[in-house]
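Me: I'm new to reading protein structures and would like to learn how to do it one feature at a time. Could we look at one together?

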Amino acid sequence: MHIYFTALKATDKNNPPVKTYGWQDGALTKKLAYMASQYSVAGSHVQTMAEFRDALERVTCEEAFLYGMPKDKTLHNGTFLIVPEYQFEEIRTALEGRWTAVTRTKAEFAFASQPGIMLIDVDGIVGNHDAQIQKIYEVAPELKDYPHVVQPSSSSNLRKPDGSELSGVKGLHLYWFVDDATRIKEYGHVLFDRLTLAGHSHVKISASGSMLERSVVDAAVWQGERLDFVGGAALRDGLTYSDRTPELRGERQDGVQIVPGSVFKPLTPAERKAVDKFWTEEKTRLKREQRRVEEVSMAARSIRSRPCRLSCWATRLPPPERWR
């Protein structure tokens, strides 16, 4: 059986659609990706996880995979511009029909009702990265036996120009084939909840004072419109990766490649109650700290909102070559 996904390649190598890391004056620099990028698009498919591992090994930083499919069939092969939703009308008008512009939203891309690729994103790793993977195996033991790929994230295993280590493994991407791509979000949240039941979740207070539910896995990636920048970051000034080789794990005697939905066992009413109780108690416990962070954030916003000289605002304008 074929497992389908969408492969995209940015057409402008000078403005990569990914983060750019550099090395200046003995320190790491980071430049964020351009929000709007033009891509050539091709529908792709594999039959085995080994083939998908090989596809990951071949990509460059200009390439990305998308595990949903374009709803507009004319976009399955061709070239189009992916733009932020808030800029869509402005950019589409400026293009004057020369290119097709689409937003990276549910309106344009969706998981198909067929087997697909489920991405598990593990961030914020400190220490033994394999210990984080073992937590996933702990709450869903059968996943360990199905073929899957593990690859370090784009910020992992960086080396300085002199070859010395700059960073170890800071994050991981894991991939499985699942029986129904439209249920990927459901499967992911089952996994998230079971990690919570096993004691592997926590509440993070953001810089603005929001209480965020966090676990071993990132719950924001299970969307058909989500781009996976599989080729890593763009590296400059002599920076290199020591190793981003995707590792193939899991092997079944029967050769089955696709994880059935039965592996992601829904929570019982008692388990759901326990998960809800955990988050309620954690947020109650952190309420005082949340208020403190909110006060600091409000004070900082007040300072930033004060009037400043024209020269100050001028420094925030885009460079002249980007004016229209």
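## Cavities, sheets and single residues

Me: Which residues line the second largest cavity?

Reply: The second largest cavity is lined by Tyr4, Tyr67, Met69, Ala112, Gln114, Pro115, Gly116 and Ala181. A cavity is a set of points, on a 1 Å grid over the protein atoms alone, where a 1.4 Å probe fits but cannot get out, and lining residues have an atom within 4 Å of a point. Please keep in mind that this is a predicted model, where local features need pLDDT of at least 70 and side-chain atom pairs count only at pLDDT 80 or more, while totals for chains, interfaces and linings use all residues. Residues are numbered from 1 along each chain as its sequence is written, and side-chain values use heavy atoms, with hydrogens and water left out.

Me: How much space lies in the second largest cavity?

Reply: About 30 Å³. A volume here is the space filled by probe spheres set on the points, with grid points joined across faces, edges and corners.

Me: You mentioned a strand. How do I read a sheet?

Reply: The general idea is that strands of a sheet pair through backbone hydrogen bonds, either parallel or antiparallel. Helices (H or I, at least four residues) and strands (E, at least two) are DSSP runs, numbered from the N terminus. Two strands pair if DSSP finds at least two bridges between them. In this model, six strands form an open sheet in the order β8-β7-β4-β1-β5-β16, with mixed pairing. Its edge strands are β8 (100–103) and β16 (227–228), each pairing on one side only.

Me: In what sense do β1 and β4 run, and how many bridges join them?

Reply: They run antiparallel, joined by eight bridges. For instance, Lys9 stands opposite Ser40 in β4. Ser40 also has Thr79 as its bridge partner in β7, and β4 and β7 pair in the antiparallel sense over five bridges. Then comes β7 (residues 78–83) with β8, a parallel pair with four bridges; here Leu81 has Ala101 as its partner in β8.

Me: Which helix lies across β1, β4 and β5?

Reply: That is helix α1 (residues 49–58), which runs at about 150° to β5 (63–66). Axes are lines fitted to C-alpha atoms, for helices over the stretch in contact, and angles run from 0 to 180 degrees between N-to-C directions.

Me: What is the order of the three-strand open sheet?

Reply: The order is β3-β2-β17, with mixed pairing. β3 (27–31) and β17 (234–235) each have a single partner strand, so one side of each is left without a neighbour in the sheet. Five bridges join β2 (residues 20–24) and β3 in the antiparallel sense, with Gln24 partnered by Ala27 in β3.

Me: Is Asp25 buried or exposed?

Reply: Buried means under 20% relative accessible area, exposed over 50%, and partly exposed in between (1.4 Å probe, protein chains only). Asp25 is exposed, at 81%, and sits in the loop between β2 and β3. Phi of Asp25 is near 55°, a positive value in a residue other than glycine. Asn157 has a phi near 55° too, but Asn157 is buried at 11%, in the loop between β11 (148–152) and β12 (158–159).

Me: Which residues does Glu138 contact beyond its sequence neighbours?

Reply: Contact means heavy atoms within 4.5 Å. Leaving aside neighbours within four places in sequence, Glu138 is in contact with Ala198 and His200. Glu138 and Ala198 are 60 residues apart along the chain, yet their C-alpha atoms are separated by 8.6 Å. Glu138 is found in helix α3 (residues 129–139) and is partly exposed, at 47%.

How values were computed. On a 1 Å grid over the protein atoms alone, a cavity is a set of points where a 1.4 Å probe fits but cannot get out, and a pocket is an open set with protein on both sides within 12 Å along at least five of seven lines; lining residues have an atom within 4 Å of a point.
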